[in-house]
Amino acid sequence: MYYTAEVTKMCPVAKGAYHGPAPIPEEGKWVQAKEIKDISGFTHGIGWCAPQQGACKLTLNVKEGIIEEALVETIGCSGMTHSAAMASEILIGKTLLEALNTDLVCDAINTAMRELFLQIVYGRTQSAFSEGGLLVGASLEDLGKGLRSQVGTMFATKEKGPRYLEMTEGYCTRIALNADDEIIGYEFVSLGKMMDFIKGGMDANEALEKAKGHYGQFDNAAKYIDPRHE
């Protein structure tokens, strides 16, 4: 290490007590994080691309500085899904610092990685006060049994009103209306369940019917409409 002439001529002054960094909560304990391996935590958050035309919800499970689990969910341009596929391979096994300084293909995923890094290193993780943290694989629980992202897709015009296309429960097949043409419920298909039935050997039409459900005052509707064609 090299010093300027001004610093070289200075007389040394002893440093006072060293107390280290402020402890942060990590998986049910307080940690003075000094190295990347001191960081653990489970967290999720979102990122967005520069033109703000797409977003990524990223979930990471970090153990001793290493990303052991990653769930990448995207919405926006069609290319984001392919970027997510590549990012899922890139992220696992990397340290937090490596992942922060690696091109994760999509700007939205890179931004999500930045935001999650801040949460994790500042002790703001979902598992901050959970003893031992969360098991690797915990992010799949957020997806439910169908292992599908929980997406809400609604379309509306002033002229024709709203259309429910996709709910957390699944793909919307019919909207229930009352006598005043107000929405009072909807029918949906759980696509994850339907595919499981079909893979188990069930006829596709039977699987479709078995995977259907409804919400609200669906049975008391004055009429039903197909949200995609009516």
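**Figure 1. Surroundings of leucine 60 in the predicted model.** Neighbours within four places in sequence are left aside here; beyond them, leucine 60 is in contact with Gly41, Phe42, Thr43, Ile67, Glu69, Ala70, Leu91, Met113, Leu116 and Ile120. Leu60 is also among the residues with the most contacts inside the largest nonpolar core, along with Leu58, Leu91, Leu96, Ile109 and Met113.

**Figure 2. The largest nonpolar core, with 24 residues.** Five elements each supply at least two residues of this core: the strands β4 (55-63) and β5 (66-75), and the helices α2 (79-91), α3 (96-100) and α4 (107-121). The element that gives the most is α4, with seven residues. In soluble globular proteins, nonpolar side chains tend to be buried together.

**Figure 3. The open sheet of three strands, in the order β3-β4-β5.** Pairing in this sheet is antiparallel. β3 (41-48) and β5 stand at the edges, and each has a single partner strand, so one side of each is left without a neighbour in the sheet. From one strand to the next, the twist averages 15°. β4 and β5 are joined over nine bridges in the antiparallel sense. Valine 62 has isoleucine 67, in β5, as its bridge partner.

**Figure 4. Helices α2 and α4 packed on the sheet.** α2 touches β4 and β5, and the direction of α2 makes about 175° with that of β5. α4 touches β3, β4 and β5; the direction of α4 makes about 140° with that of β3.

**Figure 5. The hairpin formed by β8 and β9.** Strand β8 (residues 170-177) pairs with β9 in the antiparallel sense over six bridges. Arginine 174 stands opposite glutamate 187 in β9. Five residues lie between the two strands, and in the turn aspartate 181 has a positive phi of about 65°.

**Figure 6. Strand β9 and its pairing with β10.** β9 (residues 183-189) is mostly covered, with six of its seven residues buried. Besides pairing with β8, β9 pairs with strand β10 (residues 212-216) in the antiparallel sense over five bridges. Across this pairing, tyrosine 186 stands opposite tyrosine 215 in β10. In a regular strand the side chains alternate between the two faces of the sheet.

Technical notes:
Residues numbered from 1 in each chain as written. Predicted model: local features only at pLDDT ≥ 70, side-chain atom pairs only at ≥ 80, totals over all residues. Heavy atoms only, no water. Buried < 20%, exposed > 50% of the residue type's maximum accessible area, 1.4 Å probe, protein only. Helix = DSSP H or I, 4+ residues; strand = E, 2+ residues; numbered from the N terminus. Pairing = 2+ DSSP bridges. Core = buried A, V, L, I, M, F, W, Y, C linked by side-chain atoms within 4.5 Å. Contact = heavy atoms within 4.5 Å. Axes fitted to C-alpha atoms, helices over the stretch in contact; angles between N-to-C directions.
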